[in-house]
Structure formats: C-alpha cells, structure tokens
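Hi there,

Here is the structure I promised to pass on. Have a look at it first, and my notes follow below.

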Amino acid sequence: MSVRIDGEKSDEVPVRFGQVRRMLRGPRPERVPGLVGTACTFLGVFDIAAGVFPRFRHSRMHAVAEVLPGALGPFAAAMAICAGVLLLLLAHGLKRRKQRAWMATVVLLPVGAVGQFVYRNSLVGALLSLALLALLLRHRRQFAALPDPRGRWKALANFALLGSGSVALGMVIVSSHPGKVVGRPGLFDRLQHVLYGLVGFEGPVDYAGRVSWTVGYSLGSLGLLTAVTTLYLALRPENPAARLTHEDETRLRELLRRHGGRDSLGHFALRRDKGVIFSPTGKAAVCYRVVSGVMLASGDPIGDVEAWPGAIERFMEHARVHSWTPAVMGCSETGGEVWTRETGLDALELGDEAVVEVGDFTLSGRAMRNVRQMVKRIERNGYETRVLRVADLCPEELERIQQAAADWRGTDTERGFSMALGRIGDPADGDCVIATAHKADEGDEPGPYADLKAVLHFVPWGPDGMSLDLMRRDRSADPGMNELLIVTALQAAPGLGVKRVSLNFAMFRSALARGERLGAGPVLRGWRGLLVFLSRWFQIESLYKFNAKFRPDWEPRFLIFRNTRDLPRIGFAAMQAEGFVTLALPRPFARRSGGGRARPCTHLSAAPVPEREPQPA
C-alpha cells in the first residue's frame, strides 16, 4: 500500500495496515511490564534528584520535577527521595511481572496523584500518575507472577544493602547545600550527622534557614524506609526454595530404574537441593533449581521419552507463573531436539562428554603410551587400588572416605550442580562405585585417613553403566592419581557389570580440536586462542586433554535458552549454581551442612585436576 501526498500517489512512503493497527493499539501487552518498569526507574531517578539537589529543583528541569509522583507539600524533599527509592525498588519487580510489585505500585501512584493535586495544585502531575496507574490497571493480567523462593536471611541482606545505600545517599544530601552550612564541618562530622539523622537525631552539622529541616526529614525518611523494609522481610512468612522430598526421590529412583540408561546425567537429578516437576502421567520429570530468577534444569528429562513433553510443558508453565527465565544445561542431542520442538527455545552446543566403552578400552598401543607409563610408575611406587560398591564398604572405611573427600575438596565453596551428586556414601546410594588408592605412610605415625591417598566416586548410569561424579586426592600424593584410578575403574568395570563409563565434560571441545588441526581458518584459530587464554583460570583445555588420554567417544551437550539477551543472565546463574560465584551470607551467619559429606570437586589450579561438572560459559 502507498499513501497519497498532496493528492498524488507516492511510492516512497509505504505503509502497511498491520503497522497502522499496531500504532493505534499502542505497545504490545507483553512489552507493557518492561515499559512500566523503565518508566518507574526514570521517575525514581528524577524524584531522588529533585529531593537531593536544590539547584535541580529550581532549574529549568523544575517544571518536569514538579509533576513527578512523590514531591508533596512541605515534606517535598523527603517524600521525593522516599518515593524515588521505592519506585527504583519496584521497577525490577514490574519488569518481571511480579504481582506484589504491581500491587505496591498501584497503591503508591494514587497517593502521589492526590498529593500533587491537593498540596501543589499540579493537575499535570496528578494526570501523569493516573495515566501510569491506568496503564497498570488495564494490563493487570500481565502482572500475575508469583513471588520467588525466599528466606528470612534476606532481611539481613536488605539491611546491609539498603543501609549502605542510605548512608551514601545521606552523604550526598548533607553535602548538597554548601552555601547554607554553618562553619566548616569535616568528613567525620558529616558522616556522624548522616548516621544520627538516619535514626532520627540531630547531628553536629548546622544549616542556615529551613535547610536543616529538609536535611533532617530526608535522612529520617531514609532510615525509616530501611527499618520498615527490613522488618517486613524479617517477619513475613518463609517461602523456601523447592527441595527434593523423600517421596519425590522415591518416584525419581523408580523412573531411573526403568529409563536410567538413556542419559548418563540421570542419577544427578537425585541432588536434594533441586526441585522436581512431574508430567501429568507421572512417567517423566524435570529437575531444576531457581538461581537469580533463572529456572535452571540440567540434563535430559527423567523417564519415558513419550512423556517428556508433558513434563516440559509443566516446567515452562511453572517458569511463566513465577516469571523465571527458563534454561537447560547439559542436555543431550535428543533432549535438545525435544526441548526446542516443544517450547520454541533455542540451543547452543556447550561441549562434549567423554564416554569410554569398557569393551574397547586397552592400555596397549602407541596412543596409550603416556597413560600406561604413568600407571606403571605409580604402581611401582607402592600404590594399591580398590574398586567397590558403596554397599560393600564397611562403615569405618566409608566414614574415612567421606571425611577425606570433604577435607580434600580444595575450596571453601561447594561446587557442582548439573554433573555432581553432592554427597557420597549415602545409604540410598549403595549401588554407587568408589575407587580408592592406598599407600602406607613411611613414618611411624599413620595419617588421619590411614593409607588412603585418592578417591573417585561414580554414580549409576542405567543397569550397565556408571558416570564419574567427583575426584579427590591427597595433595601430597604422587601425580597421576586420577589417571591411575580411572584406568583401575575401567579394568574392574566388567566385574561390576559395567559396559560404559562417562568421564568428564570438556567445554567447547570441538572448537579446541578443530582449531589445532592443519588448515584451520583464522576465526577458528582465534577462537581456540581465546579458549586457551581463558584456561588459565578455567579448566577448559586441560579437561579436554585429560579426557582425550582415554580415547573416548564424544557426546555433545547443549544449553537450551529463550533468546540471546538471556545468555548473560543464564551464564551468571549457571556460575552460581556450579559454585564459581557465591552470593551468600558471611560464614558466621551461614548454615553448616551436616554429615561431613563430600562435596563435588571443582578445584581450579594450574595443574590439570579434572572435574565432573561443566564450566559455565
């Protein structure tokens, strides 16, 4: 279609009826939460600026600041600052379609509108507030997301963050009236004035005129806001994160018994810090954890492939109801195809999983010379190995292994999520396999773990496979403990009825392999160079080279995501879930984990100490 300009047809201004309809309708409903959240952010910034900086309130921007919600009567500065802080706090919740953020904003905007009209006789300000209110009411169905999992410890975090922000903003308020300050108070005097003002007392800094009232009300309002929000978070009922119940674990174990041979990561769904969603028929399930607003699943769904769509549909509905970002880490190619087909999500290849066929494994041949020589050298040094099911270990030996694995973790942070079970020696995991290396100490006094020097833990992979969970070793032991125990486990596998063993995950393995081949292009070589550079801090190249020693088959693993804009957020959440980034209370306030059980090892050091979990991008 073309429009007519001055009565003549013109082909230079094409207009489509769909575009006209969209312009008349206004913003799409799904975009309203983002627009409202952005509007609240700008309103909050303007309100804070209007309340803090006198020159801003009396400049050419005064006409704009006058109509913003929050500047009311004789308490204009204090009300503007509090309204601005509240709007900034509510903006993120509105963007995520949170119902409680919508309710709080709906209550706040009429108050601002009444104040604008009654105290300032500002019809424009009242209309601006009511327009935003009308937009919220019209699209109220868009704001139906339920609250995130929470605990009362967030009250302490709120007090620390909002309290420090109030102190910083208070310093700006106290210093924003240089022409009205009596005398020349120093930095310590200003800080003391802020701290006194936040709790409602008058500080050592004095001002001429009515500025002291403005500063006092502003500081007192910030302190009251910090106290009220902290008290609310401390007294509200807890809504803890989902955890695997005994009933859920029993149902999952039954699904794994029937279909566990499909995915090598299936047994890791039994981590007890995950939640689970079952399909309507109960024949399939998706296990997940919510981290920083990301609903993060790992591996393929558990159970019958025919029932996977039902579990996936419930997973996506659960994410939509809570306004969480859905993502899946480490699913197989089959799982990725089902996820993308059923949800419309996108897929990105993360790397490859190393799988060794026990029947094809041998130490003979030139390709295995380095591993063969290393194993023989360690054996000549007096090391002995054992490979047993957990159920076959005596309680004393199992307790010693648990304690050693916990003490050899290497880091204070628990790591592991998608490819780590998070425990060792649990009575319910009697079919897990533990490989240990032993050597008697040369001194008279035995070590705290007797002759134990290294531990490998495997979880079941169906009836005829096992999947590597963790590696732990005494740092004083000879190099090559991991190679020794993997070879020993592969050689002992036929006696355990195991035909295939899943080893470590190699991040971006295909890029590293193709980038070092003859004839690789500049882009591929540059990408490989970047990965090698990042390997100084993350085990990318070292894990690939370690896995390649055992001549495995490579099985690709994928990341499922909604759109590319979500990738940074998903990557950060994955790093939190895997334990590379910790946002928790200081150690005096943190809960101690019980049982002295081993944590999954992801020690990042210069030496190639391979781990079971994938490294987040």
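To start with, in which helix does R369 lie? The model is a predicted one, and in it R369 belongs to helix α14, which covers residues 369-380. With a relative accessible area of 35%, R369 is partly exposed. K549 is 180 residues away from R369 in sequence, yet the C-alpha to C-alpha distance between R369 and K549 is 9.5 Å.

Next comes H267, which sits in the loop between α11 (246-259) and β5 (275-278). Is H267 buried or exposed? Its relative accessibility is 7%, and the cut-off for buried is under 20%, so H267 counts as buried. Beyond its neighbours within four places in sequence, H267 touches R253, L256, L421, D429, C432, V459 and P460.

Then there are the cavities. Searching the whole structure turns up three of 30 Å³ or more. Two or more lining residues come from each of β6 (284-291) and β7 (294-298). By class, this lining has nine nonpolar, four polar and three charged residues.

The second largest cavity has about 60 Å³ of space. Among the residues lining the second largest cavity are L256, H259, D263, D300, I302 and W308. Both α11 and β8 (302-303) supply at least two residues of that lining, which divides into four nonpolar, four polar and three charged residues.

Terms used:
Residues are numbered from 1 along each chain as its sequence is written. This is a predicted model: local features need pLDDT of at least 70, side-chain atom pairs count only at pLDDT 80 or more; totals for chains, interfaces and linings use all residues. Side-chain values use heavy atoms; hydrogens and water are left out. Helices (H or I, at least four residues) and strands (E, at least two) are DSSP runs, numbered from the N terminus. Buried means under 20% relative accessible area, exposed over 50%, partly exposed in between (1.4 Å probe, protein chains only). Contact means heavy atoms within 4.5 Å. On a 1 Å grid over the protein atoms alone, a cavity is a set of points where a 1.4 Å probe fits but cannot get out, and a pocket is an open set with protein on both sides within 12 Å along at least five of seven lines; lining residues have an atom within 4 Å of a point. Grid points are joined across faces, edges and corners, and a volume is the space filled by probe spheres set on the points. Ala, Val, Leu, Ile, Met, Phe, Trp, Tyr, Cys and Pro count as nonpolar, Asp, Glu, Lys and Arg as charged, and the others, Gly among them, as polar.
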